[in-house]
Every structure is written in C-alpha cells, then in structure tokens.
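Q: I would like to learn how to read the side-chain packing and pairing in a model such as this one. Could we take the features in turn, with the general idea ahead of the particular case?

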Amino acid sequence: MIVEIVPKFPPLVPLICLARQTMIFNMKAGKESRQRPARVGPHIEEVPSKNEPMKGARSLHQTFLLSLFAVILLCVGMIGYVWISYEFRQFHKTSDQLRDAFIDAQKAMVKNEVGHVIDFINYQRNRTEKELKEMIRSRVYEAAAIAGNLHAFYKDRKSTEEIAQIIRETLRPIRFQEGRGYYFIYDMDGNNILSPYDSHLEGTNLWDLVDSKGLYTIRRFIRMIEAEGEGFLRWHWYKPGNTEHMSEKIGFARYFEPLDWWIGTGEYIADMETDIQAESLEWINKIRFGDEGYIFAYTFDGVTLSHYNQSHIGKSRWEVTDLTGRKLVQDLIAASRPPGGGYLTYVATLKPSTGEPSKKVSYVRSIPEWEWMVGAGVYIDDIERILAIQKRELWTRIEQHLVIIGGLLVGVLIIAILLARYISRKTFANLREFLTFFQRSAIVSTPIDDSRLDLAEFKTLARSANRMVEERNKAVADLKNSQERLDLALASTEQGLWDWNIRTGKVIWDERLVRIVGYDLADVQPIIDSWFDHVHPDDLEKTVESMKAHLKGHTDKHRVEFRLRSKSGGWKWILDQGRVIERDADGHALRAVGTYIDITARKEAEAEREALQEQLNRSRKMEALGLLAGGVAHDLNNVLSGIVSYPELLMMNLPEDSPLHNPLETIRKSGVRAAAIVQDLLTLARRGVVHREVVNLNDIISDYLTSPEHADLRAQHPAVAVETDFQPDLANIEGSPVHLKKTVMNLVSNAAEAHEDAGAIRISTRNRYVDHPIEGCDTVRTGEFAVLCVADEGAGISAADIEHIFEPFYTKKIMGRSGTGLGMAVVWGAVQDHNGYIHIDSVENRGTVIEIYFPATRHAAVGGVGPSALDSCRGSGESILVVDDVPEQREIAMKMLEKLGYRAASVESGEAAVVWLADHQADLLVLDMIMDPGMNGLETYRRIIGIYPGQKAVIASGYAETDNVREALRLGAGGYIKKPYSMEELGKAVRAELDNASKKQEGNS
C-alpha cells in the first residue's frame, strides 16, 4: 500500500499573510490617488514641488517602501515555491530510480536464470551429439571388424559372392539404439548391398538418389569415402514405416576394401532431440530461485512443458488471459521470438504465496529448433511497499529543511527592508526631479534643470537625458521615413530580409521572411543553425557550398535555390540571394545581408510541365506501338494459323512412329511462339486484364516451374539454379492466370540471362501490410499485399538503364540469342492492370531484386481444371457454319471441326452468312470479328439475331479481346477464341456453347 503524506509549511504562512495585507494597502492607496486627478495646463502637467506634496495622495517615498516590501515578499514566496517544486521533482525522480533499480535487478536475475537453462539445453545437445557420433562410429567399426573376420575366414573356402552373402545376412538382423539403429552397405558404384528396412532396394543402383533437400546422398558418401576413407555425414531419409516424409539423419560410414564396399549406420536427429528434451524438462521442472521463482516452458502452440503447478503440464494454455484480457501465453511466445528474447510485464493469474493475481515481469527466450519458449518471472508488487517507506522519510527531511530555510528568508527580508528604506530617502529627492522631467517629456521635449539636483551621478544623467531629448525628434523622424521606404520596397518584391553577424552566428530575420514558411518571429531562433536545420537534406550541401564560396571571396554574391521546411511540415522552394557587406583587414567576412523569395509556384509549374511532357512521350510511344500491333496482328495471326493448325491436323493422320511427327511439332511450336509475340504486342497496345479470377501466386509460380517453357530455359542455362521460398499461407489475389504466369516467366527469363556463368535465382512470396510509400512509386494505397520477389546474382542493371527497362523494345540482350525487348514492358503492363506496384533494387555486378506488390483478397481461390481430352470435345453431327474472309482460315476451321465429328460449312463474309442462313440451318456459327470489306463480325451477328433470335455463335479474332468482342458476347454469343486455332481450344469452345444451349432448352421445357 502507498501512503500519501500531507506536507505542512509553517514558515510560509506569516509571509503569505503579510504580502496579502501589503497588496491590499497599495490597492487602496492607488485608488485614493486616482480619485484626485492632477491639474493639467494647456501643454504641461503641473507637478507639485518638494515642499508642496499633493493633497490626499500618498507620498512616493511611502509607496516605494510598501511596494518594495511587497516585491520582496513575492520573491520569497516564489523562491519557496520553486524550491518546494524542486524537492517534489527530486522525490519523484528518486522514487522512479528506486523502482527502476529494483525492477532492473529482478530482470537481470530472471534473465540470468533463463540463460542458465538455455546454456544447459545447448550443452546437452552438444554433449549428446558428440556421444551419438562416438557410438555410431564404434558400431560401424564393429560391423567392419565382423565383415573383416568373416572375409578372412571364408576367403579360401568360398566364392566372393558367397562371402558377400554371408556378411550381408550376418549384419542384417543386428539392431541397437533401442531398435532404431541398423547397418546399410553400398559398393563404390552406388549399388545398394544391404538395406534391412528397404530390402526391395537391394541390388538397385542409387547413384542418383536425391533427398528432400535436393542433395545426392549416395554421391556425397562416395566422395567422402574416396577422399577420407571414412567420416560423418548428414542427410535426409525415410524413417522405418514412414514413406511420406524424410527426416534429418546423422551417420558414419567406413570403406571395406576386400569387397570395395562401404558400411555405415546413423541415427535420426529427431529421435536424439526427443531424448534431450525429456531429460531437459525433468531438470527444468526442479529449478526454484528466490522466494517464488520458477522456470516455465511452453511449445509455440501453447502446450505447457514446465510450470510450478504440475497440473498445467501437458495442457494447452493458448487462450489463457490475465485480468486485463491479455492472452498471456501468446504474448510470451511473441516476446521470445526475437534474437536474445525479450521481457513482458503483465498481471499473473495468481501468485504462489498468496493465490491472488499479482503484477509480474518475465524474461523469455525461444529455442526455434524445438519450437519452445522458456522463461522465468518475478513479482514486482513488493517495490511499492519499499517506495512508501522511502516517501515518508523524504517528507520528514523536506519539513525540516522548510523550517530552517523559512527562518533564514524572514531574516533576509527584514535586512532588505531596512536597506531599502535608507537608500530610498537618499535618492528620493533627486528622483523626484527626474519624475517631473519624464512627466513633462511625455508631452513635450523639455530639458531637465540640473541645478536642482544634489548628487553628481544624477547631474551626469540629467545632461545625457537633455542630449537624448534634443536628438529624439530628429531620430524618430528619420527612422520613420527610412522604415516606410524599406517596407515599400520589400513589399513590392515579396522578399524577406536577413542580416547575419558571422562572428557571433546570430541572424536577424525579417517578419516577411519567416512568414513565407508559416512561422512567427517568436518561433525562429536568431542563430544560423536554426536556418540550416530547416533546409532539405538533399539541398543542404549545395546551399552551404554556395555560402562558403562567397564568404571566401570566390563569387560576387551568394545565390542558390533550395527547399525549406514550412511549419506545416511541407517544403517551400526558396531563392536565397545575399552579399558580404563587411570584412576585416585580413578579408574575413564579418557581416552579410540578403533576401529570400518564395519560388514554390514556379518550381511546381516546372515539375508539372516535365511530368506532362514525360506522360505525353509515353503516350505517343504506346500509341505508335498500338498502331503497329493493330496493323499487323490480324494479318499475321491469319498467316500463323496455317503454321499452328495444319501440323496438328497432319499429325492426327500420321502413324505414331512416323518420322514426320517431330518436324511437324517443331513447326507448330514455332508458330505458337510467334503468336505469343503478337499477343505481347496486343497486350501493350490494349492493356487490360479481361478474365479475372481468384488465384494464388504460389500456384502460378509452381505451374510455370513445371512448364515446357521453364524446361527450355533450364536447358539453355544449366548452370543457373532456381530456388523457391513460398509463404505457406500466402494471401490470394484477383487476376488473370495467363498474364501472371507470363509475368513470372519474363522475370525468371531475364534473371537467367543476367548470369554469364553459374548462379542462383531465388523466387519467394510473402504477405505484407503496406502503410507507407514504396520506393519508386508516387502513391500507394494502404492495405494487404501478396508480394512476388525474384532475385538473381547476375550482372545487375546500371542506373542509366534502370529508367528505361520497362520501355518497349529496349533491351541489352544479344540480338538473336533471346528476347524481343517486350518482356519487361509486358511485366509493367500486367502489374498496372492488376493495380499493383513494382520496386527494383539493383547493383551492377552484384545482382538484381525485383519485388511486385499485388493487392490481396479474402476470397477463396477457384478450383483447378484438369487437362481436357479431345474426346470430350467431339460432336455428334451438329451443323457448324464458319464465317471468315480468309480462305485459309475457313479451310483450317472446317477440317478441324470435321475431325471432331461436326458437319461444317463456310462462307466468306457476313452478307454471305445472312444469305446462307435463309436456306440452311446452323446449330452454331464460328464468326470472325474482323472482315474486310463488308460487315464485321459484330454487325453480322446483330443482323442474324435480328432475323433468327437465339442463334448460337462463338467469336474468333486475331486481336486481343476488344469492345466489339465484348459487345457480341453481351448480345448472346457464347464464347471467344483467339487465332491461330488449336483443335482443342476450338473444340472446347464449340462443345461448351452447344451443351449450354441444350441445358437452356431443357430448362425452358
């Protein structure tokens, strides 16, 4: 309990009362004097002489004494107040120091206890691993000895194969380490000789065996045996009975020369760790320190491992809260995760000695390898009782000091009053003359009569006062005229003035100058450093250099433009001009003056003009690219249709063993790649993600890493390794899987090209919450993002090139080797279409890191769709009309449809399609969107459904999806396919629309 002590201040009571009576007396005196106004003549007030005091008014002598007495009392009171306040501050400071010292000592104690526990666990782990290594080495030596004895015994009696069989079957049943340990044998070519738990592997060559970390286990053992003859190795392997997950294992192997074998055994790290954990917990649960100290331990899931209350062990405490609602175990685990651990202060659920809740501070550290949190705490409520005792002692000392100081102050007061009374009598006569002088001077400039003064000092003062009177009028007039001229000149130019005393560093700031940045004169310190503190860091060096150069005489004047922080926190552009106006004999500058001009509006206009010009240049470039893409895409896709589609038709008619299969497939793939380049052009010309769905970046990346495109890239760059680091709970995003996969492909391809020789590419994903600007982005919205990061160890990007890498056709790659210059432009377009942000960090010869931020969504990802077979796309004799102005396109589409079991017909224009439908019936139209001359696809479809409502159709185009395509889909067309055709895509689109029409008819019936 904290006891509050009420202070008593006896010495101050009479002083305060005396000051109050004096103030009342003076107020009455002043009131009486105000009630008797002095007589005033035409110009000069009549002042009574020293022999004629004013009637009814208190004398100046009395008023001076009483006022002095009141001032002294007030000073005494203020000194007492300041001293008492100081004592209070010292008391609170001392209390805080006592509390902090106590808590720091307790913290150090619990930290030391936890450190002992962590050191013990580390010692146990190191000791156990060392003992384990000695054990498995001795076991291998025993096995080698057994094999050696058997070979020596039988080498002259049996064949080598029989001896090998005897050794293998002798070692097969041997078990140790509580049945976990066994022997395995391989020859130096990687053939498995003995594997007791995986006998089906015996006789199998496992040279290319790769564990779950991507390491070649058998190759590593053999390299070690060849180099050293024996040794230890860590690898991953399946535990007996578990074929789903590999666990880390440590083992020892030794070369057996007679049969060119190597014999080994090992132990799983997890089994070793389990034994250490059990032994450690048994020791931890016995630890006690202080009166109520103990060690507690939890798993990262909140399960109790160690606690003074044994009933908690083995139970989950994840949701346990203290009196404030804090989830204790969760917060303790969070505090333990940083390196070195951390402290946490909270209200413990109960104190062992009292059984009641109590405030507690704990120190916790984590053991990440075991996913444990270990900690210890101490209750800190005892410090409040100690502080209460200290507080009472401090108050006793304060009261004693107040009594002593109060007495001293009273004595000083009496002496001061006596001295004041003596001095006032001596000086009052002369002072009265000066009072008369100043009263007159308030109206007219009349000199003082020094013959009426007695003291020499007052005579000298009188002569000076008379000179002051003479010069005052002239100085006031001159100053007024000068000020008016200066104000007029500065106001007309909107400039602020500064005057710098270089020797002292003091600066006189003009009111206009500080008002430019929103300050008052009182806000700005009159020193040069306060000015430097407000200059923008990027502009400070050039500003200082300009001033230094002028101070040294290298320039005629100081002139520089820089940004200055305003009171609101923003920045104002300032034109600062100045000149040295005074130097000493050695040429050192002594004084400088200058002006400020606010040029913020001009700077903003210049920046806006540059931004608009850059935007215009980009717009013109993209417009030119759009015209290029639009001009060639349709015709080029029509040409590519023969290259892509005919090989597919031809291969369907060839025997499986035909030598023409590979050449035709090469032709088809070349056409597909050419079509992809056209599609990149269209993507840049008409950006916009048409199809959006909820996807996960981990799935997109995994899909690309298993794609033929990535396989080709790996074949071109075999020395470049690709590593992945995915966040398992990565947030989903909304977007186009095709565009996203293309983005990943371009980034990885560029990263591979950046390596001249060997290197590594690291692809990682992370969840990230962004609430501040991303470097390189003007604005960024606050929220959750899924971040894709592609990092390489290649040549990096120069500062000059990094500004242009997103421009179309800008490339540093070797012509003909790879790249069209569109890759990063496509990436930029995809990021913009997905409302994302991109950040690049690159250092030449050290590599590049590219991070892309995609807005996260809480919606669940759609399920994947498996690959469809052509059988599911086949028709049952339905009638299909192909409408296309290119003969080759009509022929390709008809042959594909006939191969799929449809009856196909074709016409060359929209007008011909209307005529054909007047005499025939088509279950579905395959309608080209761009036809010239005549009606285009949209006009044709409008005309047809106006005559035949409900006519089914799918739209085909060599362009990206346009407004016309979307309008046709809105009018009822059931699908959209891109040229050049593939049989599967064409068949899926036709089949899907026919099936959809059938379902609608069944629903209507």
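Q: Which residues touch the most other members of the largest nonpolar core?
A: In soluble globular proteins, nonpolar side chains tend to be buried together. A nonpolar core is here a set of buried Ala, Val, Leu, Ile, Met, Phe, Trp, Tyr and Cys residues joined through side-chain atoms within 4.5 Å, where buried means under 20% relative accessible area, exposed over 50%, and partly exposed in between, with a 1.4 Å probe and protein chains only. The largest such core has 48 residues, of which Ile167, Trp261 and Ile295 touch the most other members. Helix H2, residues 60-154, gives the most to this core, with 14 residues; helices (H or I, at least four residues) and strands (E, at least two) are DSSP runs, numbered from the N terminus. This is a predicted model, in which local features need pLDDT of at least 70 and side-chain atom pairs count only at pLDDT 80 or more, while totals for chains, interfaces and linings use all residues. Residues are numbered from 1 along each chain as its sequence is written, and side-chain values use heavy atoms, with hydrogens and water left out.

Q: Which residues is Ile167 in contact with, leaving aside its neighbours within four places in sequence?
A: With contact taken as heavy atoms within 4.5 Å, Ile167 meets Ala147, Leu150, His151, Phe256, Leu259 and Trp261 once those sequence neighbours are set aside. A second, separate core of 30 residues includes Val748, Ala752, Ile761 and Ile850.

Q: How many aromatic pairs does a search of the whole structure find?
A: A pair of aromatic rings is described by the distance of the centres and the angle of the planes. Rings of Phe, Tyr and Trp (its six-membered ring) pair if their centres lie within 6.5 Å, and planes under 30 degrees apart count as stacked, over 60 as edge-to-face and the rest as tilted. On these terms the search finds 22 pairs. One of them joins Tyr294 and Phe296 edge-to-face, at 6.4 Å centre to centre and 65° between the planes, and both Tyr294 and Phe296 are buried. Another edge-to-face pair is formed by Phe785 and Tyr853, with 6.2 Å between centres and 80° between planes. Because Phe785 lies in strand S21 (residues 783-792) and Tyr853 in strand S23 (residues 847-857), this pair ties together parts that are 68 residues apart in sequence; Phe785 and Tyr853 are both buried.

Q: Where does the charged end of Arg219 sit?
A: A charge sits over a ring if NZ of Lys or CZ of Arg is within 6 Å of the ring centre and within 35 degrees of the ring normal. The charged end of Arg219 lies over the ring of Tyr216, 3.9 Å from its centre, and that of Lys603 over the ring of Trp573, 4.5 Å from its centre.

Q: How many salt bridges does the structure hold?
A: A salt bridge is a side-chain nitrogen of Lys or Arg within 4 Å of a carboxyl oxygen of Asp or Glu, and the structure holds 28 of them. Arg137 and Glu134 form one, their closest N and O atoms being 2.7 Å apart, and both residues lie in helix H2, 3 residues apart, about one turn of the helix. Arg137 counts as partly exposed at 27% relative accessibility, as does Glu134 at 43%. Asp539 and Arg563 form a salt bridge at 2.8 Å, N to O, which links distant parts of the chain, with Asp539 in helix H11 (residues 537-551) and Arg563 in strand S14 (residues 558-565), 24 residues apart. Asp539 has 4% relative accessibility and therefore counts as buried.
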